[in-house]
Amino acid sequence: MTKQIGILCFSPTGTTKKVCTAVARGMGANDFQGFDITLPKIRASIINNSNNVFENIDHLIVGAPVYSGKLPLQVLECLRVIDGKGKGASALVVYGNRDYGIALRCMVELLSEHGFNVGAAGAFIGQHSYSDIIPVAIGRPDELDMDKAHHLGIRSMSTNICLSPEDIPVQIDMVSKSNKYSSIKPFHIDALCIKCGKCAKKCPIGLLSSDTGKYLNREAKKQCIGCMACSRICMQHAKVAKVNPIVKLVLKQILGKASRERKEPLVIVA
Ligand SMILES: Cc1cc2nc3c(=O)[nH]c(=O)nc-3n(C[C@H](O)[C@H](O)[C@H](O)COP(=O)(O)O)c2cc1C
């Protein structure tokens, strides 16, 4: 019998969603149920219906980007309330070619604690959200990455053993150890903004005014997670990742190696 596949993902700039879709296709799914928790409304409705939202799903593919070596808080918020009821799951993180930290292990841990049988896990590479400042992993996931994701999907169909968190390697450094999230907030260029409201619709936290494209207020700017969803959608280049020379230098230190050396996806099947 074909399994009904679901994809639960948070993906402000779209790379995580691409990888999740390739895994689902590898599992033979032509149609799958999408639970895209990027936008606040959908996230809230999934959190509020966490008991029965996955009723028709046999296998859930869960995908998240890596932020500062960890899972984004918005993903943690969801994973802490959903109930797997013994269903199968695949855990996927997508990172910007630097480091995936503790994110993948944390995802496997949370899914296992909440009743999912995690049969496969993977850490894939996506174009870094701050590539406008320093180009890193441009164009990824590329064809090779998508092939690997597809294969992970195929292989995950032939296992009924579960992974445990200890099966997942971690890359612990100062960034992933700290409970802080370092981010760069997009800069708004009013002269280029045509007030189309697209950025406001894309903001995963709902912080932008659809009339002006600017933060709703000062508090909103503080809450910005720097995901660059607004910058990626703006064809007018009115939202840009712009930093002063000192921050750029620091970022060069952090992302220097990642900008020069290609990393390959990590795939683990039980
Ligand atoms: C706030 C923030 C923190 C990030 N931290 C890391 C990191 O620790 N390691 C890394 O390799 N990439 C990091 N990235 C890059 C993203 O993980 C990467 O671009 C990912 O592909 C974005 O996923 P999405 O396209 O689904 O939004 C970070 C991005 C943001 C916005």
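Let me start with a term: buried means under 20% relative accessible area, exposed over 50%, and partly exposed in between, with a 1.4 Å probe and protein chains only. Two notes on the source. This is a predicted model, where local features need pLDDT of at least 70, side-chain atom pairs count only at pLDDT 80 or more, and totals for chains, interfaces and linings use all residues. Residues are numbered from 1 along each chain as its sequence is written, and side-chain values use heavy atoms, with hydrogens and water left out.

First, helix α5. Helices (H or I, at least four residues) and strands (E, at least two) are DSSP runs, numbered from the N terminus. Helix α5 covers residues 143–156, 14 residues. At 1.5 Å a residue, α5 should span 20 Å, and its end C-alpha atoms are 20 Å apart, which agrees. The expected span is 1.5 Å times one less than the number of residues.

Which residues of α5 are buried? They are D145, A149, L152, G153 and S156. An α-helix has 3.6 residues a turn, so residues three or four places apart point the same way. The face turned away from the buried side of α5 carries the exposed residues E143 and L144.

What does the buried side pack against? It meets α1 (15–26), β4 (88–95), β5 (117–125) and β8 (266–269). Take S156, with a relative accessible area of 6%. S156 touches M27, S90, A120 and V269, leaving out residues up to four places away in sequence. Contact here means heavy atoms within 4.5 Å.

On a 1 Å grid over the protein atoms alone, a cavity is a set of points where a 1.4 Å probe fits but cannot get out, and a pocket is an open set with protein on both sides within 12 Å along at least five of seven lines; lining residues have an atom within 4 Å of a point. Grid points are joined across faces, edges and corners, and a volume is the space filled by probe spheres set on the points.

The largest pocket holds about 780 Å³. Its lining has 39 residues, with Y67, S68, H128, Y130 and S182 nearest the centre. Helix α10 gives the most to that lining, five residues.

The largest cavity has a volume of about 100 Å³. Among its 14 lining residues, C203, P204, C224, C227 and C230 lie nearest the centre.
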